[in-house]
Protein chains: 2
Amino acid sequence: MMPATERPDEPAAQGPAGTQTLIRGLRVLEVMAVQNRPIGVGELSRLIDLPKSTVQRLLRTLGQEGWAEMSSDPTTRWRLSPRLLALARTGAPWKTLREAAILHLAALGARTGETIHFSVLDRDVQMVLIDRVDSIHPVRTFNAIGASTPLHTSASGKAVLAMLPLDEVERILARPLEKVMPNTSTDPRHLMHQVLEAKERGYAVNISENRPHVCAVGAAVAGPGGRPVAAVTISMPDVRFEPARVPEWGAWVRDTARAITDTFTD
Amino acid sequence: MMPATERPDEPAAQGPAGTQTLIRGLRVLEVMAVQNRPIGVGELSRLIDLPKSTVQRLLRTLGQEGWAEMSSDPTTRWRLSPRLLALARTGAPWKTLREAAILHLAALGARTGETIHFSVLDRDVQMVLIDRVDSIHPVRTFNAIGASTPLHTSASGKAVLAMLPLDEVERILARPLEKVMPNTSTDPRHLMHQVLEAKERGYAVNISENRPHVCAVGAAVAGPGGRPVAAVTISMPDVRFEPARVPEWGAWVRDTARAITDTFTD
DNA sequence: GCACACCGTCTCACTGAATGACACGGAGTC
DNA sequence: GACTCCGTGTCATTCAGTGAGACGGTGTGC
């Protein structure tokens with residue numbers, strides 16, 4: 001877990017912003033999210049390197065506005081409000097996207113019997129899981145709504161890359177690439193090769209590159225502008241991942257993504 | 001949809017807060033969430049009744065910090081970033097709560113074959129769905145992660161009420177109660193009766209009071225302090241809702257909630 | 001029993017960050 | 001070509017935000 005205090009990249013590209021209170025408040029929310037446990041004023045103030053009184057003022061406001069909750073067990077502890085989830089869910093253009101997708105996802109789930117994931121692209125940086133249809137198998141993969149993955153470690157991410165202009169892909173793969181699993185490729189050339197392959201076939205594959213024993217086949221959904229905005233993936237434990245069936249799964253997932261694109265852009 | 005401009009209740013109970021920038025920024029996020037569509041600076045500024053330049057400054061900051069996204073199709077439009085969902089998910093004490101619950105939920109899903117919902121209590125106001133195990137039936141109920149319901153219209157909400165001190169229940173039921181469905185009860189006395197019944201039996205029932213044709217049986221999960229923090233419900237279409245089986249389902253869901261409470265508070 | 005460290009809370013004089021009226025250039029309309 | 005509404009940017013003014021510090025309570029070690 002990266003400490004929130006060091007921000008070597010920040011001072012640059014600041015510009016004449018002029019909303020430090022807001023920035024600080026959001027930072028408090030972020031740290032609470034990352035820390036992921038009830039946390040006190042003092043600790044929080046140390047984590048973001050701000051005076052206690054300032055942090056407390058921010059916390060009180062966040063509480064008043066319903067973004068954070070206070071619990072005074074023995075001492076006062078703060079945490080994010082579940083309301084955040086409710087807000088994140090109602091509020092987003094991907095609401096319509098999900099509505100366009102849901103029936104197709106259910107159909108793909110019925111056809112494959114495997115867990116179906118539907119993720120959206122977040123700022124060209126990561127994929128965020130927004131919907132899921134469970135597998136019928138007793139042994140199945142589990143991933144939580146809201147879970148995020150880098151682009152280079154997931155079938156959804158690689159499917160999205162395969163739909164982006166090549167120069168953008170190069171720029172993205174030139175960034176530092178995290179090695180999440182032993183099986184994760186962090187070689188830009190190797191990844192570019194995979195992306196080109198995915199572009200040709202219309203689907204991307206992930207073999208335990210993101211989470212242990214989890215394999216997936218995915219295809220991207222395009223928005224009105226033709227740029228990728230989301231991805232559908234079939235996710236399964238490696239015990240059921242038969243390489244021979246990949247082309248079949250690939251075709252299904254590609255067709256599903258295509259159908260969602262059509263429903264969505266209409 | 002309530003217009004964000006009129007806030008008759010706000011001026012009171014303000015106190016010497018002292019973070020209007022943060023409040024305004026959060027308000028912008030909220031309005032974007034509620035509006036739920038790409039939206040421009042001007043319209044936003046009219047909705048929250050703030051000068052255009054102020055709103056723009058806030059938006060830029062929200063964008064820089066990764067909470068909002070800008071798309072310049074023809075003109076500039078803003079929307080929430082998917083990152084919000086990722087933040088909401090990682091960040092919360094209910095992460096551990098869900099971890100404690102997931103196995104029990106899967107077991108209950110396997111036993112019943114119905115959709116299992118797991119919701120947390122949000123500020124004594126609403127229940128927010130944080131996890132779901134899908135039914136195996138072709139005809140099943142659908143509800144999105146992050147969906148919220150009032151306490152008096154859902155099995156989860158009534159189960160939670162049944163675990164609260166009676167005076168608090170009275171206070172909550174004294175608030176204006178929305179009639180979401182024809183079947184929704186908005187009579188405090190009737191609801192209190194239901195709550196007492198649920199308290200006695202250990203589970204609560206909802207018969208199409210929240211969404212059409214959706215019935216549910218639910219029980220509450222207690223936190224370390226003994227107060228209710230979440231609820232498990234078995235959710236199904238009314239065609240499969242056999243009143244005769246309710247006690248059986250009730251016992252299962254009650255035992256599951258109990259098991260989660262034990263796992264969680266250990 | 002005492003000293004000490006650390007907790008969360010609250011005050012208040014100071015000041016610089018936030019403010020918002022206004023100007024600007026461009027797109028669409030009549 | 002006159003008008004309106006859009007998003008963007010500027011800058012003098014000032015009030016909202018700041019943070020050092022005081023305070024009371026709690027737990028620990030001596």
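## Conventions

Axes are lines fitted to C-alpha atoms, for helices over the stretch in contact, with angles running from 0 to 180 degrees between N-to-C directions. Helices (H or I, at least four residues) and strands (E, at least two) are DSSP runs numbered from the N terminus.

This is a predicted model, in which local features need pLDDT of at least 70 and side-chain atom pairs count only at pLDDT 80 or more, while totals for chains, interfaces and linings use all residues. Residues are numbered from 1 along each chain as its sequence is written, chains are lettered from A in the order in which they are written, and side-chain values use heavy atoms, with hydrogens and water left out.

## Helix pair within chain A

Helix H7 (residues 166–173) and helix H8 (residues 188–201) of chain A have axes that come within 10 Å and cross at roughly 145°. The crossing of H7(A) and H8(A) is right-handed (the near helix is turned clockwise from the far one by less than a right angle).

On the H7(A) side, the residues in contact (heavy atoms within 4.5 Å) are A:Leu166, A:Val169, A:Glu170 and A:Leu173. Their partners in H8(A) are A:Pro188, A:Leu191, A:Met192, A:Val195, A:Leu196 and A:Lys199. This contact of H7(A) with H8(A) has eight nonpolar residues (Ala, Val, Leu, Ile, Met, Phe, Trp, Tyr, Cys and Pro), two charged (Asp, Glu, Lys and Arg) and no polar ones (the others, Gly among them).

## Interface of chains A and B

In the interface, 61 residues of chain B are in contact with 62 residues of chain A. The buried area (accessible area, 1.4 Å probe, that two parts lose on being put together, summed over both) is about 5,600 Å², with 65% given by carbon and sulfur atoms.

Six salt bridges (a side-chain nitrogen of Lys or Arg within 4 Å of a carboxyl oxygen of Asp or Glu) are found across this interface. B:Arg83 and A:Glu30 form a salt bridge through their side chains, at 3.5 Å from N to O.

## Helix pair across the interface

Helix H1 (residues 20–35) of chain A and H3(B) have axes that come within 10 Å and cross at roughly 35°; this crossing is right-handed. A:Leu22, A:Ile23 and A:Leu26 of H1(A) make the contact with B:Leu58, B:Thr61 and B:Leu62 of H3(B). By class, the contact of H1(A) with H3(B) has five nonpolar residues, one polar and no charged.

## Salt bridges overall

Over all chains, the structure holds 28 salt bridges. In one of them, the side chains of A:Glu69 and A:Arg79 meet at 3.8 Å, N to O. A:Glu69 lies in strand E1 (residues 68–72) and A:Arg79 in strand E2 (residues 76–80) of chain A, so the pair ties together parts ten residues apart in sequence.
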